[in-house]
Amino acid sequence: CRASRAAAPAAAPVAASARDELTRVHRSPLSEKELVCDDEELGVSTVYEALLSAVNRFGRRPCLGVRRPLSVERLGARFGDYVWATYDDLYRRVLSVGSALVRLGLARGEPIGLLCDNCPEWVVAEQACHAYGLVSVPLWFTLGVSYALKLLQDSAVVCVVCGERWTGALLTMVHEGKLPALRIIVQREHLRYEELVLKETLEQARAGGGPLPVRLYDFGFVERMGECQRLPPAPPAASALATIVYRWRLDADPVGCRLSQANLVASMCALRLCTRPLLGEHDVHLSYVPLAHIFERSILLLCLSSGAGVGFYHGRQTALLEDVRALRPTFLVGLPGAFRQMVRKYTAVRQQWSRPYRLFFEWAWQRKKRAAEAGHPSQPLLDRFLFGGITASLGGRLRFLLVCDRNFDTQVRDFFQVALSARVLIGFGFPEAGGLVTIQPADSAAAAAAGAA
(Lines give C-alpha, C1' and ligand atoms only; values in the text may rest on other atoms or scores of the structure.)
Protein backbone atom coordinates (compact mmCIF):
# COMPACT_ATOMS: atom_id res chain seq x y z
CA CYS A 1 0.00 0.00 0.00
CA ARG A 2 1.19 3.47 -0.75
CA ALA A 3 1.81 6.03 1.95
CA SER A 4 -0.72 8.77 2.52
CA ARG A 5 -0.35 12.04 0.64
CA ALA A 6 -0.70 15.43 2.29
CA ALA A 7 -3.21 17.82 0.78
CA ALA A 8 -4.17 21.44 1.35
CA PRO A 9 -6.45 24.19 0.05
CA ALA A 10 -4.53 25.03 -3.13
CA ALA A 11 -3.07 21.95 -4.77
CA ALA A 12 -0.15 22.49 -7.15
CA PRO A 13 0.31 20.40 -10.34
CA VAL A 14 3.32 18.12 -10.29
CA ALA A 15 5.69 19.04 -13.11
CA ALA A 16 6.74 15.53 -14.04
CA SER A 17 6.07 13.17 -16.90
CA ALA A 18 3.40 13.49 -19.57
CA ARG A 19 1.46 10.78 -17.79
CA ASP A 20 1.23 12.97 -14.68
CA GLU A 21 -0.12 15.83 -16.75
CA LEU A 22 -2.65 13.55 -18.40
CA THR A 23 -3.98 12.13 -15.13
CA ARG A 24 -3.90 15.53 -13.38
CA VAL A 25 -1.78 14.40 -10.44
CA HIS A 26 -1.55 17.15 -7.84
CA ARG A 27 0.50 17.58 -4.69
CA SER A 28 -0.07 19.78 -1.70
CA PRO A 29 2.03 22.94 -1.51
CA LEU A 30 2.76 21.81 2.05
CA SER A 31 4.82 18.96 0.60
CA GLU A 32 5.43 19.56 -3.10
CA LYS A 33 8.50 17.38 -3.64
CA GLU A 34 7.83 14.20 -1.65
CA LEU A 35 5.19 12.17 0.08
CA VAL A 36 4.74 12.79 3.77
CA CYS A 37 5.99 9.82 5.78
CA ASP A 38 6.94 11.25 9.18
CA ASP A 39 6.59 14.22 11.51
CA GLU A 40 9.72 15.92 12.86
CA GLU A 41 7.85 17.03 15.98
CA LEU A 42 6.73 13.50 16.84
CA GLY A 43 9.70 11.54 15.57
CA VAL A 44 7.80 8.23 15.54
CA SER A 45 7.73 5.30 13.12
CA THR A 46 4.94 3.11 14.58
CA VAL A 47 1.50 3.67 16.07
CA TYR A 48 2.70 2.47 19.47
CA GLU A 49 5.47 5.08 19.47
CA ALA A 50 2.87 7.74 18.59
CA LEU A 51 0.74 6.66 21.57
CA LEU A 52 3.76 6.66 23.90
CA SER A 53 4.68 10.15 22.70
CA ALA A 54 1.14 11.38 23.42
CA VAL A 55 1.15 9.81 26.89
CA ASN A 56 4.45 11.51 27.73
CA ARG A 57 3.13 14.90 26.57
CA PHE A 58 -0.54 14.76 27.60
CA GLY A 59 -0.66 12.05 30.28
CA ARG A 60 -3.11 13.77 32.64
CA ARG A 61 -5.31 15.32 29.99
CA PRO A 62 -8.76 13.86 29.13
CA CYS A 63 -8.48 11.27 26.39
CA LEU A 64 -11.57 9.02 26.02
CA GLY A 65 -15.05 9.95 27.24
CA VAL A 66 -18.33 8.03 27.53
CA ARG A 67 -21.82 8.73 28.84
CA ARG A 68 -22.99 6.38 31.56
CA PRO A 69 -26.70 5.41 31.68
CA LEU A 70 -28.57 6.98 34.60
CA SER A 71 -31.72 4.86 34.37
CA VAL A 72 -33.63 2.60 32.03
CA GLU A 73 -37.13 3.75 31.19
CA ARG A 74 -39.88 2.28 29.09
CA LEU A 75 -38.89 4.35 26.05
CA GLY A 76 -35.15 3.94 26.50
CA ALA A 77 -32.19 4.73 28.72
CA ARG A 78 -31.31 8.18 30.06
CA PHE A 79 -27.63 9.12 29.97
CA GLY A 80 -25.61 11.48 32.13
CA ASP A 81 -22.62 13.71 31.43
CA TYR A 82 -19.42 12.47 29.88
CA VAL A 83 -16.95 10.67 32.14
CA TRP A 84 -13.34 10.90 31.01
CA ALA A 85 -10.27 8.68 31.19
CA THR A 86 -6.83 10.26 30.80
CA TYR A 87 -4.02 9.34 28.43
CA ASP A 88 -2.28 7.66 31.37
CA ASP A 89 -5.40 5.56 31.99
CA LEU A 90 -5.52 4.52 28.34
CA TYR A 91 -1.87 3.47 28.36
CA ARG A 92 -2.31 1.33 31.47
CA ARG A 93 -5.31 -0.43 29.94
CA VAL A 94 -3.43 -1.01 26.67
CA LEU A 95 -0.58 -2.74 28.48
CA SER A 96 -2.98 -4.84 30.56
CA VAL A 97 -5.09 -6.04 27.63
CA GLY A 98 -2.08 -6.62 25.38
CA SER A 99 -0.33 -8.64 28.08
CA ALA A 100 -3.43 -10.75 28.63
CA LEU A 101 -3.83 -11.51 24.91
CA VAL A 102 -0.25 -12.73 24.75
CA ARG A 103 -0.74 -14.79 27.93
CA LEU A 104 -3.82 -16.37 26.33
CA GLY A 105 -1.64 -17.76 23.56
CA LEU A 106 -1.87 -15.21 20.74
CA ALA A 107 1.32 -14.97 18.71
CA ARG A 108 2.87 -11.99 16.94
CA GLY A 109 1.29 -11.29 13.58
CA GLU A 110 -2.00 -13.08 14.32
CA PRO A 111 -5.18 -11.16 13.36
CA ILE A 112 -7.55 -9.83 16.05
CA GLY A 113 -11.08 -8.88 14.96
CA LEU A 114 -12.84 -5.80 16.40
CA LEU A 115 -16.60 -6.25 16.12
CA CYS A 116 -18.25 -3.69 18.38
CA ASP A 117 -19.56 -0.15 18.43
CA ASN A 118 -17.32 2.89 18.97
CA CYS A 119 -16.16 2.74 22.58
CA PRO A 120 -12.99 2.99 24.72
CA GLU A 121 -12.60 -0.80 24.63
CA TRP A 122 -12.31 -0.65 20.83
CA VAL A 123 -9.44 1.83 21.14
CA VAL A 124 -7.76 -0.13 23.94
CA ALA A 125 -7.91 -3.39 21.96
CA GLU A 126 -6.54 -1.79 18.79
CA GLN A 127 -3.70 -0.02 20.59
CA ALA A 128 -2.90 -3.27 22.41
CA CYS A 129 -2.44 -4.91 19.01
CA HIS A 130 0.03 -2.20 18.00
CA ALA A 131 1.90 -2.50 21.30
CA TYR A 132 2.36 -6.29 21.16
CA GLY A 133 2.78 -7.02 17.45
CA LEU A 134 -0.73 -8.29 16.72
CA VAL A 135 -2.74 -7.34 13.61
CA SER A 136 -6.01 -5.46 14.17
CA VAL A 137 -8.95 -6.20 11.85
CA PRO A 138 -11.84 -3.70 12.25
CA LEU A 139 -15.07 -5.39 11.17
CA TRP A 140 -18.27 -3.75 9.95
CA PHE A 141 -20.91 -4.47 12.58
CA THR A 142 -23.57 -2.46 10.73
CA LEU A 143 -23.95 -4.78 7.73
CA GLY A 144 -25.49 -7.87 9.29
CA VAL A 145 -24.40 -11.35 10.29
CA SER A 146 -23.90 -12.78 6.79
CA TYR A 147 -21.50 -10.03 5.71
CA ALA A 148 -19.65 -10.13 9.03
CA LEU A 149 -19.16 -13.87 8.49
CA LYS A 150 -17.53 -13.16 5.11
CA LEU A 151 -15.12 -10.72 6.74
CA LEU A 152 -14.31 -13.14 9.56
CA GLN A 153 -13.62 -15.96 7.12
CA ASP A 154 -11.57 -13.81 4.75
CA SER A 155 -9.37 -12.39 7.53
CA ALA A 156 -9.09 -15.73 9.43
CA VAL A 157 -9.08 -13.93 12.79
CA VAL A 158 -8.06 -16.03 15.80
CA CYS A 159 -9.63 -13.71 18.40
CA VAL A 160 -12.61 -11.34 18.27
CA VAL A 161 -13.43 -8.47 20.64
CA CYS A 162 -17.17 -8.02 20.23
CA GLY A 163 -20.28 -6.46 21.70
CA GLU A 164 -22.78 -8.64 23.53
CA ARG A 165 -25.21 -8.71 20.60
CA TRP A 166 -22.57 -10.56 18.53
CA THR A 167 -21.50 -13.19 21.06
CA GLY A 168 -24.35 -15.59 20.32
CA ALA A 169 -23.85 -15.30 16.57
CA LEU A 170 -20.12 -15.99 16.88
CA LEU A 171 -20.67 -19.03 19.10
CA THR A 172 -23.18 -20.38 16.59
CA MET A 173 -20.75 -19.86 13.70
CA VAL A 174 -18.06 -21.77 15.59
CA HIS A 175 -20.54 -24.55 16.41
CA GLU A 176 -21.43 -24.87 12.72
CA GLY A 177 -17.76 -25.07 11.73
CA LYS A 178 -17.76 -21.80 9.79
CA LEU A 179 -14.89 -20.20 11.75
CA PRO A 180 -12.21 -22.85 12.16
CA ALA A 181 -9.48 -20.31 12.98
CA LEU A 182 -11.35 -18.57 15.83
CA ARG A 183 -10.01 -19.56 19.27
CA ILE A 184 -10.98 -16.71 21.62
CA ILE A 185 -14.04 -14.46 21.98
CA VAL A 186 -13.77 -11.43 24.27
CA GLN A 187 -17.12 -9.78 25.02
CA ARG A 188 -16.92 -6.07 25.73
CA GLU A 189 -19.64 -6.18 28.38
CA HIS A 190 -19.74 -8.47 31.41
CA LEU A 191 -20.72 -12.03 30.53
CA ARG A 192 -24.35 -12.71 31.33
CA TYR A 193 -26.12 -15.93 32.18
CA GLU A 194 -27.52 -16.09 28.62
CA GLU A 195 -24.10 -16.27 26.92
CA LEU A 196 -22.85 -18.98 29.29
CA VAL A 197 -26.01 -21.06 28.85
CA LEU A 198 -25.82 -20.73 25.05
CA LYS A 199 -22.19 -21.91 25.03
CA GLU A 200 -23.09 -24.90 27.22
CA THR A 201 -26.12 -25.73 25.06
CA LEU A 202 -24.07 -25.68 21.86
CA GLU A 203 -21.44 -27.88 23.45
CA GLN A 204 -24.09 -30.43 24.43
CA ALA A 205 -25.43 -30.39 20.87
CA ARG A 206 -22.02 -31.23 19.40
CA ALA A 207 -21.33 -34.75 18.26
CA GLY A 208 -19.88 -36.53 21.26
CA GLY A 209 -20.70 -33.62 23.55
CA GLY A 210 -17.19 -32.16 23.37
CA PRO A 211 -16.41 -28.52 24.25
CA LEU A 212 -16.49 -25.79 21.61
CA PRO A 213 -13.01 -25.04 20.22
CA VAL A 214 -13.29 -21.46 21.45
CA ARG A 215 -12.76 -19.76 24.82
CA LEU A 216 -15.17 -17.07 26.01
CA TYR A 217 -14.12 -14.19 28.27
CA ASP A 218 -15.37 -10.72 29.06
CA PHE A 219 -13.20 -7.64 28.59
CA GLY A 220 -13.00 -6.89 32.31
CA PHE A 221 -11.57 -10.34 33.06
CA VAL A 222 -8.97 -10.02 30.31
CA GLU A 223 -7.95 -6.60 31.60
CA ARG A 224 -7.62 -7.81 35.20
CA MET A 225 -5.62 -10.82 34.02
CA GLY A 226 -3.16 -8.53 32.26
CA GLU A 227 -2.83 -6.29 35.31
CA CYS A 228 -1.68 -9.29 37.35
CA GLN A 229 0.66 -10.62 34.66
CA ARG A 230 2.02 -7.53 32.93
CA LEU A 231 4.45 -8.05 30.05
CA PRO A 232 6.73 -5.40 28.54
CA PRO A 233 5.50 -3.94 25.21
CA ALA A 234 6.89 -5.59 22.09
CA PRO A 235 5.90 -3.30 19.19
CA PRO A 236 6.56 -4.43 15.61
CA ALA A 237 8.86 -2.80 13.08
CA ALA A 238 7.60 0.04 10.90
CA SER A 239 7.45 -2.29 7.90
CA ALA A 240 5.35 -4.91 9.71
CA LEU A 241 1.68 -5.51 8.95
CA ALA A 242 -0.44 -3.37 11.29
CA THR A 243 -4.03 -3.82 10.19
CA ILE A 244 -6.38 -5.22 7.56
CA VAL A 245 -9.05 -2.73 6.47
CA TYR A 246 -12.20 -3.67 4.56
CA ARG A 247 -14.23 -1.36 2.41
CA TRP A 248 -17.96 -1.04 2.96
CA ARG A 249 -19.14 -2.99 -0.09
CA LEU A 250 -22.20 -5.22 -0.21
CA ASP A 251 -22.09 -5.78 -3.97
CA ALA A 252 -18.80 -7.70 -4.08
CA ASP A 253 -16.66 -10.14 -2.17
CA PRO A 254 -14.72 -8.50 0.67
CA VAL A 255 -11.26 -7.23 -0.19
CA GLY A 256 -8.94 -6.47 2.70
CA CYS A 257 -6.34 -3.72 2.39
CA ARG A 258 -3.16 -4.68 4.23
CA LEU A 259 -1.56 -1.62 5.82
CA SER A 260 1.79 -1.48 7.56
CA GLN A 261 2.73 0.55 10.60
CA ALA A 262 4.48 2.99 8.27
CA ASN A 263 1.27 3.43 6.23
CA LEU A 264 -0.77 4.41 9.30
CA VAL A 265 1.93 6.74 10.60
CA ALA A 266 2.26 8.43 7.19
CA SER A 267 -1.48 9.06 7.03
CA MET A 268 -1.50 10.42 10.58
CA CYS A 269 1.44 12.74 9.88
CA ALA A 270 -0.17 14.03 6.68
CA LEU A 271 -3.34 14.82 8.60
CA ARG A 272 -1.35 16.59 11.31
CA LEU A 273 0.36 18.68 8.63
CA CYS A 274 -2.98 19.74 7.12
CA THR A 275 -4.86 20.41 10.38
CA ARG A 276 -2.07 21.86 12.49
CA PRO A 277 -3.53 25.41 12.44
CA LEU A 278 -6.93 24.06 13.53
CA LEU A 279 -6.44 21.11 15.89
CA GLY A 280 -4.75 21.07 19.28
CA GLU A 281 -4.80 19.50 22.71
CA HIS A 282 -7.82 21.51 23.85
CA ASP A 283 -10.08 20.23 21.07
CA VAL A 284 -12.80 17.62 21.51
CA HIS A 285 -14.08 15.16 18.88
CA LEU A 286 -17.37 13.22 18.87
CA SER A 287 -16.80 9.71 17.50
CA TYR A 288 -19.92 8.20 15.94
CA VAL A 289 -18.88 7.06 12.43
CA PRO A 290 -18.03 3.32 12.74
CA LEU A 291 -14.34 2.89 13.50
CA ALA A 292 -14.18 0.22 10.80
CA HIS A 293 -14.30 3.21 8.42
CA ILE A 294 -10.73 4.26 7.65
CA PHE A 295 -11.86 7.91 7.70
CA GLU A 296 -12.96 7.83 11.34
CA ARG A 297 -10.02 5.69 12.34
CA SER A 298 -7.59 8.22 10.83
CA ILE A 299 -9.25 11.01 12.80
CA LEU A 300 -8.95 8.94 15.99
CA LEU A 301 -5.20 8.52 15.47
CA LEU A 302 -4.92 12.23 14.68
CA CYS A 303 -6.69 13.15 17.93
CA LEU A 304 -4.55 10.80 20.01
CA SER A 305 -1.33 12.19 18.53
CA SER A 306 -2.50 15.78 19.11
CA GLY A 307 -3.67 15.38 22.70
CA ALA A 308 -7.33 16.04 21.83
CA GLY A 309 -10.24 14.41 23.67
CA VAL A 310 -12.47 11.82 21.98
CA GLY A 311 -16.02 11.37 23.25
CA PHE A 312 -18.08 8.42 22.01
CA TYR A 313 -21.76 8.60 21.14
CA HIS A 314 -24.01 6.42 23.29
CA GLY A 315 -25.06 4.10 20.49
CA ARG A 316 -28.12 5.64 18.80
CA GLN A 317 -27.59 7.71 15.67
CA THR A 318 -31.12 9.13 15.98
CA ALA A 319 -30.15 10.75 19.30
CA LEU A 320 -26.84 12.13 18.06
CA LEU A 321 -27.79 15.74 18.88
CA GLU A 322 -28.15 14.76 22.55
CA ASP A 323 -24.52 13.64 22.58
CA VAL A 324 -23.44 16.81 20.77
CA ARG A 325 -25.12 18.99 23.41
CA ALA A 326 -23.62 16.93 26.25
CA LEU A 327 -20.08 16.75 24.83
CA ARG A 328 -19.87 20.25 23.31
CA PRO A 329 -17.30 19.26 20.66
CA THR A 330 -15.04 21.83 19.05
CA PHE A 331 -15.22 20.07 15.68
CA LEU A 332 -17.41 17.47 13.99
CA VAL A 333 -16.28 14.81 11.55
CA GLY A 334 -18.50 12.54 9.52
CA LEU A 335 -20.24 11.49 6.37
CA PRO A 336 -22.64 13.85 4.54
CA GLY A 337 -25.81 12.00 5.59
CA ALA A 338 -25.49 12.89 9.27
CA PHE A 339 -25.01 16.59 8.53
CA ARG A 340 -27.94 16.60 6.10
CA GLN A 341 -30.10 15.09 8.83
CA MET A 342 -29.10 17.86 11.23
CA VAL A 343 -29.95 20.56 8.70
CA ARG A 344 -33.34 18.96 7.96
CA LYS A 345 -34.22 19.08 11.66
CA TYR A 346 -33.39 22.78 11.92
CA THR A 347 -35.23 23.50 8.67
CA ALA A 348 -38.35 21.78 10.03
CA VAL A 349 -38.19 23.95 13.15
CA ARG A 350 -37.82 27.09 11.04
CA GLN A 351 -41.00 26.26 9.12
CA GLN A 352 -42.96 26.49 12.38
CA TRP A 353 -41.99 30.12 12.95
CA SER A 354 -44.33 32.99 12.18
CA ARG A 355 -43.99 34.46 8.70
CA PRO A 356 -42.61 37.87 9.82
CA TYR A 357 -39.93 36.24 11.96
CA ARG A 358 -39.08 33.83 9.17
CA LEU A 359 -38.63 36.71 6.71
CA PHE A 360 -36.46 38.59 9.19
CA PHE A 361 -34.32 35.49 9.71
CA GLU A 362 -33.90 35.06 5.93
CA TRP A 363 -32.77 38.70 5.63
CA ALA A 364 -30.24 38.23 8.43
CA TRP A 365 -29.07 34.97 6.85
CA GLN A 366 -28.38 36.59 3.48
CA ARG A 367 -26.68 39.56 5.13
CA LYS A 368 -24.30 37.36 7.08
CA LYS A 369 -23.67 35.14 4.06
CA ARG A 370 -22.63 38.15 1.96
CA ALA A 371 -20.40 39.38 4.79
CA ALA A 372 -18.75 35.97 5.06
CA GLU A 373 -18.11 35.90 1.32
CA ALA A 374 -16.50 39.33 1.65
CA GLY A 375 -14.15 38.04 4.34
CA HIS A 376 -16.08 39.17 7.44
CA PRO A 377 -17.72 36.01 8.85
CA SER A 378 -18.25 37.41 12.35
CA GLN A 379 -21.42 39.45 12.85
CA PRO A 380 -21.67 39.91 16.65
CA LEU A 381 -25.24 41.24 16.87
CA LEU A 382 -26.70 38.67 14.48
CA ASP A 383 -24.71 35.86 16.09
CA ARG A 384 -25.94 36.81 19.54
CA PHE A 385 -29.62 37.48 18.95
CA LEU A 386 -30.50 35.29 15.95
CA PHE A 387 -27.96 32.52 15.47
CA GLY A 388 -26.97 32.09 19.11
CA GLY A 389 -29.71 29.52 19.76
CA ILE A 390 -28.51 27.29 16.91
CA THR A 391 -24.91 27.57 18.11
CA ALA A 392 -25.91 26.69 21.69
CA SER A 393 -27.90 23.65 20.53
CA LEU A 394 -24.66 22.21 19.10
CA GLY A 395 -22.65 22.89 22.24
CA GLY A 396 -21.55 26.45 21.51
CA ARG A 397 -17.90 25.58 20.78
CA LEU A 398 -18.02 24.25 17.21
CA ARG A 399 -15.19 25.75 15.12
CA PHE A 400 -14.95 23.51 12.06
CA LEU A 401 -16.33 20.45 10.30
CA LEU A 402 -14.52 17.80 8.30
CA VAL A 403 -16.74 16.01 5.79
CA CYS A 404 -15.70 12.82 4.01
CA ASP A 405 -17.16 13.36 0.56
CA ARG A 406 -15.99 14.52 -2.86
CA ASN A 407 -19.00 16.82 -3.26
CA PHE A 408 -20.85 18.39 -0.35
CA ASP A 409 -24.29 20.01 -0.53
CA THR A 410 -24.04 23.78 -0.85
CA GLN A 411 -27.12 24.22 1.36
CA VAL A 412 -25.64 22.16 4.18
CA ARG A 413 -22.26 23.86 3.88
CA ASP A 414 -23.89 27.30 4.02
CA PHE A 415 -25.88 26.32 7.12
CA PHE A 416 -22.76 25.56 9.14
CA GLN A 417 -20.76 28.47 7.77
CA VAL A 418 -23.50 31.06 8.24
CA ALA A 419 -25.45 29.89 11.27
CA LEU A 420 -22.45 28.64 13.25
CA SER A 421 -19.54 30.60 11.74
CA ALA A 422 -17.81 27.23 11.44
CA ARG A 423 -15.23 26.45 8.82
CA VAL A 424 -16.13 23.48 6.58
CA LEU A 425 -13.39 21.23 5.20
CA ILE A 426 -13.97 18.67 2.47
CA GLY A 427 -11.86 15.53 2.40
CA PHE A 428 -11.88 11.95 1.24
CA GLY A 429 -9.56 9.00 1.10
CA PHE A 430 -9.07 5.31 0.44
CA PRO A 431 -8.22 2.34 2.67
CA GLU A 432 -5.35 1.55 0.29
CA ALA A 433 -3.76 4.90 1.20
CA GLY A 434 -4.07 4.37 4.94
CA GLY A 435 -6.66 7.11 5.43
CA LEU A 436 -7.40 10.54 4.04
CA VAL A 437 -5.50 11.60 0.95
CA THR A 438 -6.88 15.09 0.38
CA ILE A 439 -8.46 17.93 2.36
CA GLN A 440 -9.82 21.14 0.89
CA PRO A 441 -11.99 23.89 2.34
CA ALA A 442 -15.53 23.81 0.96
CA ASP A 443 -15.31 27.47 -0.09
CA SER A 444 -12.20 26.81 -2.19
CA ALA A 445 -12.62 27.26 -5.92
CA ALA A 446 -11.09 23.83 -6.40
CA ALA A 447 -13.35 22.08 -3.89
CA ALA A 448 -15.56 20.64 -6.61
CA ALA A 449 -12.52 18.93 -8.09
CA ALA A 450 -11.12 17.63 -4.80
CA GLY A 451 -10.82 14.19 -6.26
CA ALA A 452 -8.01 15.33 -8.52
CA ALA A 453 -5.65 15.75 -5.57
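Me: Strand 7, helix 6 (residues 164–175) and strand 8 make a right-handed β-α-β unit. What makes the unit right-handed?

Reply: Point the strands away from you and follow the path from the first strand over the helix to the second: if that path runs clockwise, the crossover is called right-handed. Here the path goes from strand 7 over helix 6 to strand 8, and the unit has that hand. The elements are DSSP runs numbered from the N terminus (helices are H or I with at least four residues, strands are E with at least two). One caution: this is a predicted model, where local features need pLDDT of at least 70, side-chain atom pairs count only at pLDDT 80 or more, and totals for chains, interfaces and linings use all residues. Residues are numbered from 1 along each chain as its sequence is written, and side-chain values use heavy atoms, with hydrogens and water left out.

Me: How do you know that strand 7 is paired with strand 5 (residues 111–115) and with strand 8 (residues 184–187)?

Reply: Pairing asks for at least two DSSP bridges between the strands. Strand 5 and strand 7 have four, in the parallel sense, and Gly-113 has Val-160 as its bridge partner. Strand 7 and strand 8 also pair in the parallel sense over four bridges, with Cys-162 opposite Gln-187. Four bridges meet the requirement of at least two, so both pairs qualify.

Me: What makes both faces of strand 7 count as covered?

Reply: In a regular strand the side chains alternate between the two faces of the sheet. In strand 7 (residues 159–162), Cys-159 and Val-161 lie on one side, Val-160 and Cys-162 on the other, and all of them are buried.

Me: Why is Gln-187 called buried?

Reply: Buried means under 20% relative accessible area, exposed means over 50%, and partly exposed lies in between (1.4 Å probe, protein chains only). Gln-187 has a value of 0%, so it counts as buried. This strand 8 residue touches Cys-162, Gly-163, Glu-164, Thr-167, Arg-192, Glu-195, Tyr-217, Asp-218 and Phe-219, leaving out residues up to four places away in sequence. Such a contact requires heavy atoms within 4.5 Å.

Me: What makes Arg-192 and Glu-164 a salt bridge?

Reply: The term needs a side-chain nitrogen of Lys or Arg within 4 Å of a carboxyl oxygen of Asp or Glu. Between Arg-192 and Glu-164 the N to O distance is 3.7 Å, so the pair passes. The two residues are 28 apart, Arg-192 in the loop between strand 8 and helix 7 (193–205) and Glu-164 in helix 6. Arg-192 also bridges to Glu-195, with the closest N and O atoms 2.8 Å apart. The structure holds 15 salt bridges.

Me: Are those residues buried or partly exposed?

Reply: Arg-192 at 37% is partly exposed, and so is Glu-164 at 31%. Glu-195, at 5%, counts as buried.

Me: How do you know that Lys-178 and Glu-176 are joined too?

Reply: Their closest N and O atoms are 3.0 Å apart, and they form a salt bridge. Lys-178, at 35%, is partly exposed, as is Glu-176 at 46%.

Me: Why are Tyr-357, Phe-360 and Trp-363 called a nonpolar patch?

Reply: Patch residues have over 30% relative accessible area and no salt bridge; nonpolar side chains (Val, Leu, Ile, Met, Phe, Trp, Tyr) are joined within 5 Å, like charges within 9 Å. Tyr-357, in helix 13 (residues 355–373), has 34% and is partly exposed, so it clears the 30% cut-off. The three residues together have about 320 Å² of accessible area, computed by the Shrake-Rupley method with a 1.4 Å probe, where for residues only the protein chains shown count as cover.

Me: What makes Leu-286 a buried residue?

Reply: Its relative accessible area is 0%. Leu-286 is in strand 12 (residues 284–287), and its contacts beyond four places in sequence include Tyr-82, Phe-312, Leu-327 and Phe-331.

Me: How much of the whole protein is buried?

Reply: Buried residues make up 53% of the 453 residues. The protein has 16 helices and 17 strands.
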